[in-house]
Amino acid sequence: MDYLFHGVIQVFQPVTLVYLIMGVLGGVIFGAIPGLTAALGVTLMLPFTYSMTTGQSISMLMGIYVGGISGGLVASVLLNIPGTPASLVTTFDGAPMARQGRAAQALSLGVFASLIGGIISAAALCMIAPQLAKVALMFGSWEYFAMGIMGLSVVVALSSKNMIKGFISVIIGMLIAMIGLDPISAIPRFTFGFWQLNAGCDQLATLMGLFALSEVLSQINGIHQSREIREVGKVKLLPQKQDVAGKLRQFLSGSVIGTVVGILPGVGQATASLLSYNQARQTSKDPDSFGKGNPDGIIASESANNACCGGALIPMLTLGIPGDQVTAILIGGLVIHGLQPGPLLFTTSGDIVGTVFVSYIVSCVAMYFIMLLLMKVLIKVLKVPMNYLLPIILVMCMIGAFTSNNRIFDCWVLLLVGLMSYILTKCEFPLAPLVLGYVLGPTIETNLSLAIIASRGSILPLASRPIALGLLLMGLAMLLWPTIKSVIQKQKRRNL
Amino acid sequence: MKKKIISLLLCVSMIFAFTACGNTEDAGKDMEKGKENEAAGETAESWRPAKNVDLIVPYGAGGGSDILARIYTANMDMGKNIVVQNIEGGGTSVGLYQAYNSEPDGHTITLALPETCIVNYLNASFQDPLHEEMVPICSVVYDASIICISSKSDFTDMESIIAYSKDHPGELQWASVGATGNNRLGYEQLCLETGIDANFIPFDNASESRTAVFGGNADVLQGAISESLPYISSGDLIPLAVMREDRSTFLPDTPTLKELGYEVMNGLHRAFFCPPKTPDHIVAAYEEAFHEAFLLDQTAEAVKEQGAEAEWLGRKELKELIEENAVSIKETFDSLN
């Protein structure tokens with residue numbers, strides 16, 4: 001606990017605090033604008049932190065990280081467009097709530113859930129980081145493969161209306177993810193001679209095309225119709241007692257799922273919130289109300305995506321392995337100051353570890369207050385006519401797509417993917433399963449190949465991997481759960 | 001209806017405004033190029049960039065190559081700023097092709113690993129021989145490969161690994177990065193030389209391969225010295241042999257493979273290149289600027305902190321080295337197929 005004390009000394013210096021709060025504020029704004037993400041914010045700021053002291057640079061980057069992941073909630077609720085990929089799941093219930101005039105309730109609940117998720121994962125980070133890091137070591141290729149497959153079974157929850165179309169969407173997503181150099185043999189696939197596609201479709205451009213552009217196009221479609229009156233509702237800053245009371249289980253399970261997923265390298269917030277949402281829906285007494293404005297959906301999503309940040313810091317600090325995209329960049333931020341994240345960091349630079357811990361916690365709290373203060377302003381977005389808002393969103397997405405690699409090519413990717421997803425929505429294909437396939441496809445493919453290479457072509461070693469088998473069985477159970485449930489209900493009815 | 005049309009038009013016009021940005025940029029470049037050609041009578045000493053220079057780093061911000069590039073850009077004096085552009089992905093091909101297709105006017109240079117370019121060309125993931133067509137400026141770091149085991153491993157030295165692998169063919173799990181890259185090349189050369197018969201598991205990046213070894217999912221780790229050093233000093237990794245000509249200054253107690261009787265060398269030069277057909281006097285000016293920065297104490301200090309072995313190769317030596325390596329790597333490739 002000694003290092004926490006050092007951390008407090010480092011972070012609670014006036015200049016450092018100002019950097020941290022600036023980071024959070026900038027992060028929230030970046031996160032709230034569709035097209036600009038936490039990862040982008042951290043990447044853009046990283047070179048500026050090279051000249052700061054280590055404490056200042058960590059505090060600022062941590063602020064952007066936490067703010068960016070949390071800010072995405074605003075656009076998700078108010079515009080039905082995820083501000084960052086991490087808050088994609090928040091749109092499922094946040095947007096319906098806003099349509100019902102409960103935008104303020106959705107926002108304050110989401111911000112509160114973000115805070116809880118952040119604090120719980122911070123507690124895990126401070127107290128049992130070294131022990132938790134072992135989870136990451138227990139995962140070999142088979143386990144990651146099994147986890148990817150389990151993640152895919154969430155498709156059931158995401159496409160309850162038409163399962164076949166849901167599965168087709170997953171496959172399309174996985175095919176998009178296959179564009180680029182094959183992860184093992186480095187042979188170009190589906191690039192059609194464009195070297196720009198060697199790294200695949202840029203993730204930001206693809207995800208923004210999928211959600212932002214298709215939503216913009218759909219809204220343009222209905223712009224001439226007399227607009228539904230979008231009630232702002234009474235803005236209450238703090239979440240109301242009746243919203244939070246009795247929801248301890250939802251907050252906790254979201255936070256725990258988020259933290260654990262965060263610890264696993266290369267999985268990330270979007271998957272964490274999808275898994276958490278699925279869990280909340282399947283254990284709910286009223287699963288059909290999910291997707292129609294159930295506050296539990298927001299709690300599940302927002303607590304998980306914030307908890308994922310704290311979780312991702314655990315393997316970064318203890319093993320030097322980034323837990324997600326942003327921590328991969330944060331490692332660079334530490335290395336430039338001559339610090340090598342990894343087993344040595346705790347012994348050689350305990351004060352730095354403490355700084356990371358404390359700045360993470362302070363960022364979570366600062367995020368909570370900044371979001372509450374901004375909410376009154378942000379919620380006015382609902383009153384802005386769509387014909388002004390849509391072009392701005394489109395431009396922001398373009399800027400985001402351009403900035404991530406500094407090339408126009410990615411803007412074309414955004415446009416094409418957006419057009420494709422618009423056509424898919426018109427044909428009533430759900431888009432969320434597509435993201436699932438796109439995000440999990442590479443994890444599944446790469447790890448299956450690696451596992452099979454290690455066993456010289458045999459899949460039998462899978463049988464000797466209890467964790468992998470357990471994950472696969474869980475996936476199977478999730479896939480079959482709706483069928484089992486209806487059978488049980490029929491039996492019950494018959495017995496009555 | 002009117003609203004719908006107006007907003008559609010607005011959207012479309014924004015898009016065009018954006019794409020147009022790209023085009024005007026290109027046009028601007030062409031004009032500037034024309035101006036430069038007029039002033040081409042300058043000598044090597046006096047060539048200076050007319051605007052900020054883009055240094056393309058085909059890796060993400062924060063990696064070893066990125067930090068090296070930033071150390072140099074901070075210590076180089078070209079009269080204008082040298083701005084690092086991280087363009088990652090596709091096993092460095094996206095960034096390198098961007099550099100390859102840039103104007104050869106000295107305002108775009110790139111960091112590249114010549115060995116990777118050669119191997120990627122031979123295994124067909126690069127369609128063009130970038131190592132032949134791009135103009136080398138200099139190489140500033142040589143990062144050799146090292147063979148390590150986990151501190152929990154039952155193995156004790158290189159010989160015990162070789163003996164085990166001969167007795168149990170195909171059972172040893174050999175963790176490294178890239179199925180067809182430079183690491184694989186070193187591994188195959190080692191197999192030819194020693195008779196090792198293991199499973200080469202090509203992870204995506206160094207941290208993944210390291211995790212596999214820490215977690216007991218792989219037995220041996222082959223990676224760059226710079227990336228393994230922190231874990232060697234923490235005691236989590238035990239170094240067995242370096243794949244260098246002579247011992248590494250960072251690990252004076254670790255033998256080279258050559259000392260153990262196996263003539264296998266493997267490693268990467270971190271080098272800087274100009275796009276193809278860049279005029280000689282521009283390349284010479286860069287070489288000089290890089291060399292000045294190389295000799296600075298603060299550069300040496302910062303590079304050492306990264307665990308990278310500083311080694312200077314000028315453009316002539318680098319070109320020779322690339323030509324030699326291209327031949328020897330092709331020979332290994334042919335003997336494997």
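Here are some exercises on a predicted two-chain model, each with a worked solution.

Residues are numbered from 1 along each chain as its sequence is written, and chains are lettered from A and ligands numbered from 1 in the order in which they are written. Because the model is predicted, local features need pLDDT of at least 70 and side-chain atom pairs count only at pLDDT 80 or more, while totals for chains, interfaces and linings use all residues.

**Exercise 1. Describe the overall build of chain A.**

Solution. Start with secondary structure: chain A has 21 helices and 2 strands, where helices (H or I, at least four residues) and strands (E, at least two) are DSSP runs numbered from the N terminus. Next, take the extent: the C-alpha trace spans about 65 × 60 × 60 Å along its principal axes. Then turn to the radius of gyration, taken over C-alpha atoms and compared with a globule rule of 2.2 Å times the number of residues to the power 0.38. For 496 residues a compact globule would come near 23 Å, and chain A agrees with its 22 Å. Finally, 60% of the 496 residues count as buried. Buried means 20 or more other C-beta atoms within 10 Å of the residue's own, exposed means 12 or fewer, and partly exposed lies in between, with C-beta atoms placed from the backbone.

**Exercise 2. Work out how helix 3 of chain A sits in the structure.**

Solution. First check its length: helix 3 (residues 38-49) has 12 residues and reaches 16 Å from first to last C-alpha, close to the 16 Å expected. That expected span is 1.5 Å times one less than the number of residues. Now look at burial: 9 of the 12 residues are buried, so helix 3 is largely enclosed by the rest of the structure. Among them are Leu40(A), Val42(A) and Met45(A). Last, ask what covers them: the cover includes helix 2 (14-32), helix 4 (54-79), helix 10 (203-221), helix 15 (325-335) and helix 18 (386-405) of chain A.

**Exercise 3. Characterise the contact between chains A and B.**

Solution. Count the residues on each side: 51 come from chain A and 49 from chain B. Then find the main contributor: helix 18 of chain A gives the most to the side of chain A that touches chain B, with 7 residues. By class, this side has 33 nonpolar, 17 polar and 1 charged residues. Here Ala, Val, Leu, Ile, Met, Phe, Trp, Tyr, Cys and Pro count as nonpolar, Asp, Glu, Lys and Arg as charged, and the others, Gly among them, as polar.

Notes
Contact = placed C-beta atoms within 7 Å.
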